[in-house]
Every structure is written in C-alpha cells, then in structure tokens.
Amino acid sequence: MQNCIIIIIFWLVLHTLLLFIGGQAEVPAIIVFGDSSVDPGNNNFIPTIARSNFKPYGRDFSGGRPTGRFSNGRIPTDFLSEAFHLKPSIPAYLDPAYNISDFATGVSFASAGSGYDNATSDVLSVIPLWKELEYYKEYQSKIRSHLGNAKADNIISEALYAISIGTNDFLENYYTIPGGRRSQFSIGQYQDFLVDIAGSFVRELHGLGARKISLGGLAPMGCLPLERATNIMFHNDCVQSYNDLAMEFNGKLKALTTKLSKQLLDEVELVFSNPYNIFMDIIRNPSSYGFEVASVGCCATGLFEMGYACNQNNPFTCQDANKYVFWDAFHPTEKTNRIVADYLMKNVLSKFLS
Ligand SMILES: *[C@@H]1O[C@H](CO)[C@@H](O)[C@H](O)[C@H]1NC(C)=O
Ligand SMILES: *[C@@H]1O[C@H](CO)[C@@H](O)[C@H](O)[C@H]1NC(C)=O
C-alpha cells in the first residue's frame, strides 16, 4: 500500500517536472503574412491578375492541384508547418473550402504582389499588408467564438507568426512605376520607410497577443530569372545592385528585430529569418543541391513568364522541375522552397520547437 502511494507520488512529481522542463506546448499554429513567397491562394478570391490557380502551377502539389501557390508544389511556410508537426500545407484564409477549424492550426493571409508599402499592393490590386492584419483580427474573433477564450488565447500567444514580404516594394514598385516612390524617396529613404512599416506591423502583432514572431528577409533578388534576363550588358548574370540592395535591406531588418526585441523585452521572441545566404549558395552551386539550371525558370522560356504568361499551352516548360532552382521567372521551385525552409528551421526557428 505504502509502496503504491510512493510510486504514485514519484510519478506525479516526475510528470510535473517533465512538464516544467518541457516548457510551453509546441507551436499550435503558424500564422502567415506576406506576398507570393507565402501566399497559398488568397488572390484566387480577389479581382487581380496576380494569379496562378491554373496549370502548370501546382503540378507537383498533392493531387497535381493548382492552388494559387506560385510554384510547382509547396511553398516554404508549408514545409515549416510540417516541421512543427502540423499539417503539410497551410490554407489561404479567403478560401471557402476551409473553415475556422482548419485555420486553428495554421492560416495564411498573404497576397501575391503585396508589399510593406500600400502603393505596392495598389499596382496589381492585391491585399495590402494593413488589410492582411484586419483579416487576422477577424480571425481572432472567429477563433474565440469557435474555441472559447482560453483555447483561443493559447493559440494566439503560442503560434508562430511568419512574415515574408518586401521584394515587390523594390522590383514591382520602386524601380518599375514611373513618377511614383522613386520621385519621392532616395533608395535609402525608401528602405527606411519600409523598415518603419515593418516595425509598426510587428508592434501591432505584439499588441494583438503574438509572442513568437519571425520576420523574413529578402532573397538575392538580382538573381531572379526576370532580372537576369534584362542584365544583357553583364551576360545575364545576377544584377549585383539588386543583390546589394537586398543585403542592405536585410541588415536594416535585422537591426530592427534586435531593437524591437530589446524594447518589447522578453515578452516576445522575435527572430530574423534570412534566406539570402542559403539562396545565394544554391544559385552559385546548383549542382551541389542536385539542380542543373539556376539562371532561368522551368516554366515556358523561363526568362520572363509568370502568372498568366506561364500557362499550360506553352510547349517550352521543362519536364522535371527538380532540376531547376526557379519555377517561373520570379518564384522558386518546390525543391528550392524546401531547402530554404529546412535551412531556416534548423538555423533560426528550431528555438520554437520546444
Ligand atoms: C469545418 O468543416 C468540417 C468538414 O469540412 C466540418 O466537419 C466542421 O464541422 C466544420 N467546422 C465548423 C466550425 O464549421
Ligand atoms: C496604408 O493604408 C492604410 C489604410 O488606408 C492606412 O491606415 C495606413 O496608414 C497606410 N500606411 C502608410 C504607411 O501610409
């Protein structure tokens, strides 16, 4: 009898201790904001030409389904979801095929073509970042009424918030729209303008209860096939000035995360997820990752096609996207997305795998 009680007490103590050591529960959901790098198809449900919900997009996705992801398969946040032992892909908030029970373990508010700057989302009439946050507020109230306050609060505070945006502010807006931001801001001033918006966004998320936040950096955007295609003077190599800009901007975002981490003290775990170096390594040494082509995309000629220009009727589309770093002229293949996500998981986000 006494032995039995001792065993029970021992077991209880051990159990409590393990719970204590284990800390909080693992991340229960991934909540995503951003652009095409992490949009699983929100743009299918708004009037814009920034779409990819037709073949050959998605030909390597489960069921060969074109979901609106700008890739042949999954995007980086899908791989993160899997790494956190959640579902294999994160649904789009605006997709009526999903409901709040699905979104309780992950949801994306991202919109292809969007940027930090409101003027960027205007270019292709997509969802501005502030509106993504409005949708998130609506999500919070839905999840509260669905699960009750206690469970909802747990999801809100323990979820990982992933933000991936910024490339379009430079390539689709600043350097493309004449008489726009370029006539108002020097490139340095424009970066600071964007970093301010990023800072406000993180603060607002924090104010809404987010505690685990990943702010994503820019890839070497001068190496996107579309940019290389126009770099004729330099034999279609990467556009160095755009890569330098990406690095400079990443430095500013990193400094922002350091500053905000101090200001918000240990209430929030804010990390900077920088894809630049791994991405650059893939582009410079494609064969060491099993790729054969890094300079052009798989779809069509691979030089400039994306969205509607990358369609099923194009006879030039490659057979095996796994040999290509890029799927279309602007977006990586699923294989590249997986390598980048694995790298970030291992080097940055593993701290959230408690
Ligand atoms: C969500 O959809 C599933 C089936 O698709 C259904 O079983 C579930 O009841 C729905 N949940 C809500 C909250 O509507
Ligand atoms: C973007 O637009 C929203 C809605 O009009 C506005 O609240 C916000 O201040 C704007 N952001 C900037 C940086 O101008």
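This is a predicted model: local features need pLDDT of at least 70, side-chain atom pairs count only at pLDDT 80 or more; totals for chains, interfaces and linings use all residues.
**Entry 1: helix H6**

I started with helix H6 (residues 149-158) and found Ala 152, Ile 155, Ile 156 and Glu 158 as its buried residues. Buried here is under 20% relative accessible area, exposed is over 50% and partly exposed is in between, with a 1.4 Å probe and protein chains only. Helices (H or I, at least four residues) and strands (E, at least two) are DSSP runs numbered from the N terminus. Next I looked up what those H6 residues pack against: H5, S3 and strand S4 (212-216). Contact means heavy atoms within 4.5 Å.

Residues are numbered from 1 along each chain as its sequence is written, chains are lettered from A and ligands numbered from 1 in the order in which they are written, and side-chain values use heavy atoms, with hydrogens and water left out.

**Entry 2: helix H2 and Ser 81**

How many of the eight residues of helix H2 (residues 76-83) are buried? I get six, so I call H2 mostly covered by the buried cut-off. The buried ones are Pro 76, Thr 77, Asp 78, Phe 79, Leu 80 and Ser 81. Their cover includes strand S1 (30-34), S3 and helix H13 (334-347). After H2 comes His 85, with a positive phi near 60 degrees.

I then picked out Ser 81, which is in helix H2. Its relative accessible area is 0%, so Ser 81 counts as buried. The Ser 81 side chain reaches the backbone oxygen of Lys 87 at 2.5 Å. A polar contact is a pair of N or O atoms within 3.5 Å; within protein, one must be able to donate a hydrogen and the other to accept it, and residues adjacent in sequence count only if both atoms are side-chain atoms. Leaving out residues up to four places away in sequence, Ser 81 touches Ile 30, Leu 86, Lys 87 and Ile 90.

**Entry 3: aromatic rings**

I got 23 aromatic pairs in the structure. Rings of Phe, Tyr and Trp (its six-membered ring) pair if their centres lie within 6.5 Å; planes under 30 degrees apart are stacked, over 60 edge-to-face, and the rest tilted.

I looked at Phe 109 with Tyr 139, an edge-to-face pair at 5.9 Å centre to centre and 75 degrees between the planes. Why does this pair tie together parts that are 30 residues apart in sequence? Because Phe 109 lies in the loop between strand S2 (106-108) and helix H4 (118-123), and Tyr 139 lies in helix H5 (residues 129-147). Phe 109 is buried, at 1% relative accessibility, and Tyr 139 is buried with a relative accessible area of 1%.

My other pick was Tyr 136 with Tyr 161: the centres are 5.7 Å apart and the planes at 90 degrees, so this pair is edge-to-face. Tyr 136 sits in helix H5 and Tyr 161 in strand S3 (residues 160-164), so the pair ties together parts that are 25 residues apart in sequence. Tyr 136 is buried at 0%, and Tyr 161 is buried at 0% as well.

These rings belong to one aromatic cluster of Phe 33, Tyr 93, Phe 103, Phe 109, Tyr 135, Tyr 136, Tyr 139, Tyr 161 and Phe 201.

I also noted that the charged end of Lys 335 sits over the ring of Phe 291, 4.6 Å from its centre. That call needs NZ of Lys or CZ of Arg within 6 Å of the ring centre and within 35 degrees of the ring normal.

**Entry 4: Phe 170**

Phe 170 is in helix H7 (residues 167-174). Buried or exposed? Phe 170 counts as buried, at 0% relative accessibility. Not counting residues up to four places away in sequence, Phe 170 touches several residues, among them Tyr 175, Ile 187, Leu 218 and Phe 249.

**Entry 5: the two ligands**

Around ligand 1 I found Asn 99, Ile 100, Ser 101 and His 146, using a heavy atom within 4 Å as the cut-off. An oxygen atom of ligand 1 is 2.3 Å from an N or O atom in the side chain of Asn 99. Ser 101 has a polar side-chain atom 2.9 Å from a nitrogen atom of ligand 1. On its own ligand 1 has 370 Å² of accessible area, and the protein covers 31% of that. Areas are Shrake-Rupley with a 1.4 Å probe; for residues, only the protein chains shown count as cover.

Which residues are around ligand 2? Asn 118, Trp 130 and Ile 197. The Asn 118 side chain has an N or O atom 2.3 Å from an oxygen atom of ligand 2, and Trp 130 puts a polar side-chain atom 3.5 Å from an oxygen atom of ligand 2. Taken alone, ligand 2 exposes 360 Å², of which the protein buries 37%.
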